[in-house]
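Hi,

Here is the structure I promised to pass on. Have a look at it first, and then read my notes below.

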Amino acid sequence: MSEFGTEEEDVRDLVPRFRYVYILLGFVFVVIFCRLWYLQIIEGHEFQEYSEKNLLKERRILAPRGLILDTQGRILVDNIIGFKATITPQYASHLTETAQVVGNILHIPPEKIIAEVHSSRWKNGPSTPVLIKSNLTHNEVFRLKRIRIFQPGLNVNETIMRYYPLGPDGAQLFGYVGLASQREMADYDRKYKTNIAIQQGDWVGQSGLEESWDPILRGRDGMKYIEVDAHGRESPINKSLLDLKPRPPVPGHNLVLTIDRDLQKDAMYEMLHQHDRIGPRIGALVAINTKGEVLAWVSLPSYDPNEFAQGTISDDTWEALEKDPYKPFMDKVIQAQFAPGSTIKPVDSMAALQEGVVTPTTLISAPGKMWFGGRWYHDADPAGHGNVNIEQAIEVSSNVFFYKMGIALGIDNIAKYARAVGLGQLTGIKLPGEVPGLYPTKAWKMKTFDEPWLPGENLSNAIGQGYVLTTLLQMALVYNVVATGGKLYKPLLVKAIEGDHGNIIKTFKPQIVRNITKPNDSNVIVSKANLDVIKQGMSLVCNGNRGTAHWWKIPGILMAGKTGTSQFVSFSASQIHKNCFDRPFWLRDDGIYLAFAPVKHPQIVVGVLAQHSCWGNLGGTPIVRDVIRDYFEKYHPNWLKKGTAIPIASLKKIENNE
Amino acid sequence: MATDLQVEERTFFRRLDWNLLAVIFCINVIGLITLYSATHGASAAFSQTRLFWLQTVYLVMGWIVLFGVTLVDYQFFNRAAYILYAINLIALALVLVIGRSELGARRWLELGLFRYQPSETMKLVLVFILAKILSKQNKPEGMGFLDLIIPTLITIVPTALTVKQPDLGTGLMLFAVFVSMVLFVRVRTSVLISVLIVGMVTVPLVWTFGLKPYQKARIATFISPDKHPHGAGYNSLQSLIAVGSGEIIGKGFRKGTQSQLDFLPERHTDFIFSVLSEEHGFIGGMTTVGLFIFLLFMCAKIAAQAHDRFGVLVGVGAVSILFWHVIVNICMVIGLLPVVGVPLPLISYGGSMMITAMASLGIISSLAYRKFLF
């Protein structure tokens with residue numbers, strides 16, 4: 001008994017406090033009673049009227065997306081006003097008739113309209129307007145507006161559309177916008193992790209800059225409150241219970257690129273208007289200045305992003321683009337990785353000179369073929385080049401010389417230098433889908449294939465064929481290392497973010513990843529003197545008598561470059577170069593050419609990947625030359641010698657020379 | 001002697017508090033009727049009929065939990081409080097790491113057959129552990145600063161983890177349970193006053209640095225709905241129109257224009273009381289509120305009859321869980337509080353809330369079941 005007694009006593013001090021609980025409950029009951037009395041009985045009738053006659057709806061005011069501007073502030077990606085026709089399923093009380101009339105005006109089969117409205121009603125809910133046609137003509141707008149009053153649910157709205165004035169030019173770079181679908185919502189949430197809530201039906205960047213800079217470009221939609229009648233038609237507000245003020249939309253920020261629109265247009269033009277035996281090129285072009293700022297960016301074949309952004313693309317066009325074997329959606333500047341072929345030789349040369357395998361004056365015999373490990377390794381020129389030093393080896397692009405370098409250095413030694421100049425790694429340009437390429441090592445091969453490195457692979461990798469893969473942008477940056485005497489830059493594409501009245505919000509400066517002539521974070525240093533030797537060799541490519549690109553010159557400006565051919569199909573040795581033009585188009589080798597100019601004080605680096613052009617010095621050289629000349633015509637016209645005819649090369653002479 | 005004999009003769013069914021169970025059942029019926037309307041929209045496109053059937057399943061599970069908890073001696077929760085707390089805290093931390101994300105929030109752990117929401121069970125576990133600790137407090141002048149340190153820490157950690165998910169509503173509930181229980185045990189007046197002063201200083205800081213924009217928007221909307229700079233006033237306003245337009249007897253079952261025509265957001269979860277008020281008017285709304293207040297009154301009464309301090313405090317905790325959910329939800333719907341994501345127990349759609357609510361009531365029922373044990 002005593003035990004229970006203490007426990008009971010224990011509780012005694014708590015029990016009286018329950019009266020506060022009872023008082024609180026009573027108080028809350030009274031408060032809610034009064035509030036409901038006020039809402040439902042005193043104001044009830046007004047709310048009742050409001051809910052019946054004036055249905056309040058939220059309507060979004062689209063925020064204009066930021067523009068994309070070129071380095072001089074000229075528009076590369078724009079917004080335009082257009083008209084669209086929509087039907088809101090909730091209010092479309094006689095849909096069959098509406099579809100008939102609307103279909104008549106817009107030349108769309110009524111069944112298709114009905115089917116779309118029905119399917120969207122299920123997918124997106126009945127209050128979401130269904131887009132029937134965007135980009136209406138004036139005539140269509142006029143005719144639709146006349147019948148609108150008789151067709152509940154039908155609306156003709158102004159809308160902001162994305163407009164890409166350059167069309168297919170730079171399409172992969174700028175990207176395009178599309179409507180976010182319900183399915184993609186979770187992806188956007190994950191991707192942006194910001195407070196920007198993307199809603200279904202929003203325009204979102206779906207590729208290129210539009211995608212990677214979407215959070216900057218996208219503004220914040222505004223909101224207005226409208227009262228609609230039971231048929232979904234907007235009605236003027238006579239009396240409102242609450243004064244609802246609209247929230248104005250906040251426009252997105254503009255991107256100021258380093259791209260030069262003139263050069264961009266020229267580059268595209270040159271790629272498409274070559275009247276030689278190859279004709280319009282497919283592939284890629286990139287031009288950067290010596291600070292790593294991108295000036296022009298072309299990938300071909302291309303497509304018209306306006307058709308995506310304005311929703312006018314037909315199913316046939318879409319399908320054709322999807323199935324195109326030459327991949328129009330691929331941004332070949334950063335998403336295509338190819339065997340660099342002979343364009344890798346400057347990297348071999350850094351290793352060879354720096355590791356002391358050769359000196360600038362060492363002469364090495366460079367015949368037309370070389371026996372190694374039980375097979376022949378060929379040079380492009382079966383006659384060979386005699387004894388050459390490293391400058392001359394670059395000039396004539398001697399394979400045998402670099403086979404010997406490959407053997408002497410070993411793959412891991414070259415790989416150190418390749419990594420130091422950025423190969424096998426992402427360049428860090430803020431664009432979706434960049435691929436890192438690959439520079440192999442013995443360890444890599446063991447890990448990937450569980451096989452030891454073969455001595456013969458030293459030879460193929462030394463001429464950029466084995467496992468080595470690069471992107472055009474990486475190669476341009478590597479060539480810029482030679483041009484600037486050691487500076488590897490991080491590519492810069494967006495140099496500023498601009499507010500909607502031209503105020504600069506943020507600027508981005510060129511960044512040096514490392515200077516390989518000075519102690520740096522990689523474990524190699526390449527001396528300035530050695531880089532100058534390589535530069536001289538590359539100058540000979542363009543200017544020497546035996547240079548593989550010496551047929552294309554610019555009077556007054558000395559260029560330095562290197563040609564290369566990427567064999568992507570393995571043929572037997574004798575077939576490699578002889579029959580390229582006899583093969584079907586898609587089996588032809590890719591030509592690569594990169595060059596910078598002027599040799600003494602380089603200003604610009606241009607690289608071209610000319611797919612299926614057989615030879616780097618056929619496919620790439622004329623275009624690179626023309627783009628470099630266009631650059632100097634714009635920026636340093638007095639450096640060019642006027643009135644000098646540009647020598648036209650005879651194609652026959654070139655063919656056996658790489 | 002006579003009383004002892006009586007005790008032994010009582011069977012399971014006779015020892016249950018049938019009045020309590022009857023009131024719960026009435027609220028369940030109202031809940032199902034309202035949910036049926038909210039999930040069977042006027043047009044097929046608004047319907048989520050599946051949810052209604054799921055809810056009936058949750059309801060059956062809820063009753064099983066209620067009876068199960070009734071049979072457990074609540075002293076078990078006293079003994080197991082620390083270990084339950086530790087497990088639950090780990091689960092709560094895990095949610096942030098590997099939790100399932102939905103609508104930008106991580107709240108659930110995927111456990112094969114079902115999803116487990118640790119913040120939901122934390123409400124009960126917090127009641128257990130606080131009851132255990134506070135039951136040792138019996139200073140007549142109330143708790144001082146030092147006495148408050150441990151209970152505060154025990155509450156702050158899970159609350160912070162929950163708010164981080166982010167789930168402001170549940171975090172708020174956890175904290176409210178703590179405040180209720182501590183105040184019930186009594187806190188010194190001097191401590192209360194200092195806490196109020198500190199609160200006035202820290203609230204602006206939390207406002208500036210601690211809240212997500214959407215959370216700020218909700219509170220801002222509440223404070224000045226006319227300006228509602230972020231447009232979040234829409235939900236609030238539509239809810240007010242729904243409630244108000246119900247007038248005295250309502251528009252009738254499944255005849256609410258606001259609810260049926262998709263004007264009301266979240267109408268089967270957080271805003272279900274507006275559906276009820278629109279369709280059944282002042283009479284329906286007040287009946288439900290009355291039943292809830294009556295239920296809470298009964299629960300408090302049962303808690304007051306418990307034999308030991310732990311029993312009383314667990315009862316108070318269970319009552320406070322229900323009380324705060326009901327009050328915050330209804331006040332939000334009728335525009336007396338900002339829009340926080342708190343469901344209405346026993347009425348809103350949702351398995352987690354149903355189980356928590358029925359388990360809380362199970363604790364009360366357990367107290368009632370054992371009040372004859374002497």
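Is helix H19 (residues 455–462) of chain A mostly covered or mostly open? Mostly covered: 6 of the 8 residues in H19(A) are buried. Before I go on, keep in mind that this is a predicted model.

The buried residues of H19(A) are Gly456(A), Glu457(A), Asn458(A), Leu459(A), Asn461(A) and Ala462(A). What do they pack against? On the helix side, their partners in chain A are H14 (345–354), H16 (399–409), H17 (411–420) and H18 (442–449). Two strands of chain A join in as well, namely E14 (369–372) and E15 (375–378). After H19(A) comes Gly464(A), which has a positive phi, near 70 degrees.

Now for confidence in chain A. Its mean pLDDT is 84, with 86% of the residues reaching 70 or more. Over residues 1–8 of chain A, pLDDT stays under 50, and the model has 4 contacts beyond four places in sequence for them. Residues 645–658 of chain A also stay under 50, and for that stretch the model has 35 contacts beyond four places in sequence.

On to chain B, starting with the overall picture. Chain B has 15 helices and 3 strands, and 57% of its 374 residues are buried. Of the contacts in chain B with a separation of 6 or more, 74% are between residues 24 or more positions apart. The chain exposes about 15700 Å², and carbon and sulfur atoms supply 71% of that area.

H9(B) has the largest share, with 6 residues.

Why does Val201(B) count as exposed? Its relative accessible area is 54%, and exposed means over 50%, so Val201(B) falls on that side of the cut-off.

That's what I have for now.

Cheers

How values were computed: Residues numbered from 1 in each chain as written. Chains lettered and ligands numbered in written order. Predicted model: local features only at pLDDT ≥ 70, side-chain atom pairs only at ≥ 80, totals over all residues. Heavy atoms only, no water. Buried < 20%, exposed > 50% of the residue type's maximum accessible area, 1.4 Å probe, protein only. Helix = DSSP H or I, 4+ residues; strand = E, 2+ residues; numbered from the N terminus. Contact = heavy atoms within 4.5 Å. Areas by Shrake-Rupley, 256 points an atom, 1.4 Å probe, with all protein chains shown as cover. pLDDT = per-residue confidence, 0-100.
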